[in-house]
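Here is a short briefing on one protein model. Look over the sequence and the fold before reading on.

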Amino acid sequence: VACLFMYVGVSEVTRIVSGKTPYMKGDAHDTLWPKVIELIFVLPFILGFRTKGVCQVLACTLLLESLIVWTFWKSSGTLVRVHNWQQELRILSHMREHFCTNAAVAGGLLLLREHGGGKFTLDEYMKKQD
């Protein structure tokens, strides 16, 4: 999961900042704020530093992104102004897939928050030092 956040964070922020995007103008892929937050919190997540708080922030970010950005239930939204109903259906299906993926990863992060990061984390190392 940490590799996923690192890859997506770096590649998407680089793509958005450079202005080179394969998506239509105004597409939900070009939303920068969730990717920046995920990129900021990926290093503590990888190291297992304050795992419970980091997992909670990442899960909240993913859920907010799902609810604000990937609004597949709005078929007449500004992102889906196409003349072909088949293309609109494809776009809405794609948005639903992103929504469900984000919700599932957020659920996994909340599960990790409850069980902890394991014995090879900075949190465990700092407990042993006390």
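Where in helix α2 does a kink lie? It lies at F41, shortly before the proline P44, and amounts to about 35 degrees. The bend at a residue is the angle between axes fitted to the seven residues ending there and the seven starting there. This is a predicted model: local features need pLDDT of at least 70, side-chain atom pairs count only at pLDDT 80 or more, and totals for chains, interfaces and linings use all residues. Residues are numbered from 1 along each chain as its sequence is written, and side-chain values use heavy atoms, with hydrogens and water left out.

**Overall fold**
- The protein has 5 helices and 0 strands; helices (H or I, at least four residues) and strands (E, at least two) are DSSP runs, numbered from the N terminus.
- The C-alpha atoms fill a box of roughly 65 × 30 × 15 Å along the principal axes.
- Of the 130 residues, 32% are buried (under 20% relative accessible area, with exposed over 50% and partly exposed in between; 1.4 Å probe, protein chains only).
- Contact means heavy atoms within 4.5 Å. Among contacts with a separation of 6 or more, 64% join residues 24 or more positions apart.

**Helix α2 (residues 33-47)**
- P34, K35, E38, V42 and F45 are buried in α2.
- These buried residues pack against α1 (2-18), α3 (51-68) and α4 (85-115).
- Just after α2, G48 has a positive phi of about 75 degrees.

**α2 against α3**
- The two axes come within 10 Å and cross at roughly 160 degrees. Axes are lines fitted to C-alpha atoms, for helices over the stretch in contact, and angles run from 0 to 180 degrees between N-to-C directions.
- That crossing angle makes α2 roughly antiparallel to α3 (over 145 degrees; under 35 is roughly parallel, 65 to 115 roughly perpendicular, the rest oblique).
- The contact includes W33, I37 and F41 of α2 and V54, L58 and I68 of α3.
- By class, this contact has 13 nonpolar, 1 polar and 3 charged residues. Ala, Val, Leu, Ile, Met, Phe, Trp, Tyr, Cys and Pro count as nonpolar, Asp, Glu, Lys and Arg as charged, and the others, Gly among them, as polar.

**α3 against α4**
- The axes of α3 and α4 come within 8 Å and cross at roughly 165 degrees.
- α3 and α4 are therefore roughly antiparallel to each other.
- Residues that meet here include C55, L62 and S66 in α3 and F99, A106 and R113 in α4.
- The contact of α3 with α4 divides into 13 nonpolar, 3 polar and 3 charged residues.
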